[in-house]
Amino acid sequence: MAAFGTLSDRLAETFRNLRTRGKLSAADVDGTVREIRRALLDADVALDVVKSFTGRVRERALGDEVSKALNPAQQVVQIVNEELVTILGGQSRRLQFAKTPPTVIMLAGLQGAGKTTLAGKLAKHLKSEGHTPLLVAADLQRPNAVNQLQVVGEQAGATVFAPEPGNGVGDPVRVAKDAIKYARDRVHDVVIVDTAGRLGIDAELMKQASNIRKAVDPDEVLFVIDAMIGQDAVATAKAFQEGVDFTGVVLSKLDGDARGGAALSVASVTGRPILFASTGESLDDFEPFHPDRMASRILDLGDILTLIEQAQKAFDEDEAKKVAEKFATDTFTLEDFLAQMQQLKNMGSIKGMLGMLPGAKGMREQLDNFDEREITRTEAIIQSMTPQERRTPKLLNGSRRLRIARGAGTTVTEVNALVNRFEQAAKMMKTVAKGGVPQVPGMGPIPGAGYAGKPKQQQAKKKSRSGNPAKRAAENAALAAGKPAGGSSGGGSGFGLGAAGAQNATPSEEELSALQRFLGR
Amino acid sequence: MAERSWSLGGALRGMFARQTIDETTWEDLEDAMIGADFGPDLTDAVVAELREKVARYRTDDPADLRRMLRETLEERLARLDPTLRLTARPAVVLVVGVNGVGKTTTIGKFAKFVTGYGRSVVVGAADTFRAAAVEQLATWAERGGAAIVRPQQQGQDPASVAFQTVERAMREGIDIAIIDTAGRLQTKSGLMDELGKIRRVIEKQTEIAEVLLVLDATTGQNGLAQAEAFIEHAGVTGLVLTKLDGSAKGGFVLAVQEKTGIPIKLVGQGEGIGDLTGFTPHVFVQQLVG
């Protein structure tokens, strides 16, 4: 949890005293390994897994690669990261489809792991890929699970096969069996069997699950597990592996703040890959699992890659070039400002994105205070202007401002503030575009700006120039939080690490500058 | 009861079978506690405390250590009063928690629990979000012998359902009103604010007697983050620990109780309607340590 600081911070602390000596002794490494152990336990990684894991890390940390490294702390965290990614399965695997349809996918897991919701998400996902999934209600245990699946199926636009009413009535094995026949008759190419939640130690229900498995002979058996699960993950995963021998794992409720050490435990104990991550209550909150990102999450290093990906998705390269040019030539108008803001909104929740920055979990409070509607309000003000006014803000005299304020349902003060901010921002952008370092009035010293020339400019570029104070504060705070970690000389790093840890997935210069530009809005 | 599958017994048996207390004993104890989700901090604290006790009493008999462990845990768990306060009429109980911890099931069992004492109960289906949650609650209410207030339409404001439930309890002189809420992850601040609203709306009519936070025993160290967020937004007054019939031991609740000062009040141990009991530290520790 964030309360203990990130692992990289803690390791940096451990290593602080070692700097001058330059070489690591076995005792130093032991101290480090203890920190790693604690961090992993705090992330709910199972104890056995932690033990064997720290053993391996210790061995490697004593080797040459660390003692010769310039920054041992970073090197150690990188080793940890690599080892994590290895256990988590190297790269993401896709669903295996049957040669002759229907492909049968069976879901199993504890009560409340999120199977029924996942069934809907999977159905929607498969449907979007051109399949014709059939949802099978084989959870006849929990009151109204059948009903829930029907509703979820309707939302996903998938057919639901529910011959039994549920609530303890009916035989799930039979239902599952009939479903295959039904699917064949109606030409559904994928069958998703939702089963009842069961405990690993409930022999009777495990037997039932295994019977369902035998009856339908699934191509994939997905074990759905809650990302918040603790040490019990191992016992449960083993029980399910023995009971239904799952072929893949789905991690649910990853949108919470659990560090999800369970993923590591399950992958390490069962050797089964994690296929998907379920990240929210909407049926679209479903994505393939990325081991490297999960590793960063377990270590609380932030999820830069997802952030970049999201930014790129919403980010129009050409548009950005145009804007940059406009800055340089001083033709940046309120219209462009509005367009940018709308583009930003397309990327989804700003809070969510800020939360992906390394160390950002520590600033949840600031994130919470950040009001997304602030953007909408600014939008309203700009939209209440005439096109001419938007292009030449100099036109805005007192009476025009009053009219705009009325139109946007706000006060003249707000309008004034917006215009001022815009002018400042435009001026600043112009300086940056020409390669200078802008002076930001009233913002105080830029955190970390004491560095020599080179990082300084980068920092200035990254500084939020957002049109609204709340966002600006939040973004700057995020940068301030992320920056010391990413700074060239700052000990264990977040940015640096994420990049160093996953060699192949290292964000390129281009991606990073895209990110910076995005953050610079 | 000694061989409850969620007991630490298995992990501790080897350790207590030895003749004397040595370093392996301490390691085993630490492993067992971490394995039970007590978390590294609390484990360190308890182990340090026990080491000190063992040194003070100059004992090297594992049986003494076992007794001390039991006493230590019991003492820590018993620091807070686990009594439910349902004396107000109507006594409004708000049930909150993250997704899939067993809120609705707990309400069903809780309704049965209090109707067993001759109290009349109405449940409010303020989980208007999840598909079929209302029906699930209705089934449980029927089994528990409670009346139910349903939302008039899909997606109705949960606060209004809560309001209607309390209103009905007051109108019909029903003793206890239990309100089910939709599961929400503690990181969704919008949804957490909604809980605040439900609270405010209920408080316009009457005091809220208890706000119960349902925690899943399989949860790990994230349980603490959950508790802290729900305490801040919903003013939790008691914890309910569910799914103790599995292999998880739910050790994190001790950390939650200690860090937040909110007592564990109820314990759920199965899918049967009678599987909910009041929390007694002695019994809990007995089952845990054996």
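Predicted model: local features only at pLDDT ≥ 70, side-chain atom pairs only at ≥ 80, totals over all residues.
Visitor: Which element gives the most to the side of chain B that touches chain A?
Guide: The elements of chain B that give two or more residues to this side are helix H2 (23–35), helix H3 (40–56), helix H6 (133–144), helix H8 (189–203) and helix H9 (222–234). With five residues, the one that gives the most is H6(B).

Visitor: By class, how many charged residues has the side of chain B that touches chain A?
Guide: The contact takes 41 residues from chain B and 39 residues from chain A. By class, the side of chain B that touches chain A has eleven nonpolar and 18 polar residues, while its charged residues number twelve.

Visitor: Which residue of chain A meets B:Lys188 in a salt bridge?
Guide: Across the interface of chain B and chain A, the rule finds five salt bridges. In one of them, where N to O is 2.5 Å, the side chain of B:Lys188 meets that of A:Asp255.

Visitor: What is the area buried between chain B and chain A?
Guide: The size of an interface is often given as the accessible area lost when the parts come together. For chain B and chain A, carbon and sulfur atoms give 55% of a buried area of about 3,500 Å².

Conventions:
Residues numbered from 1 in each chain as written. Chains lettered and ligands numbered in written order. Heavy atoms only, no water. Contact = heavy atoms within 4.5 Å. Buried area = accessible area lost by both parts, 1.4 Å probe. Salt bridge = Lys/Arg side-chain N within 4 Å of Asp/Glu carboxyl O. Helix = DSSP H or I, 4+ residues; strand = E, 2+ residues; numbered from the N terminus. Nonpolar A, V, L, I, M, F, W, Y, C, P; charged D, E, K, R; others polar.
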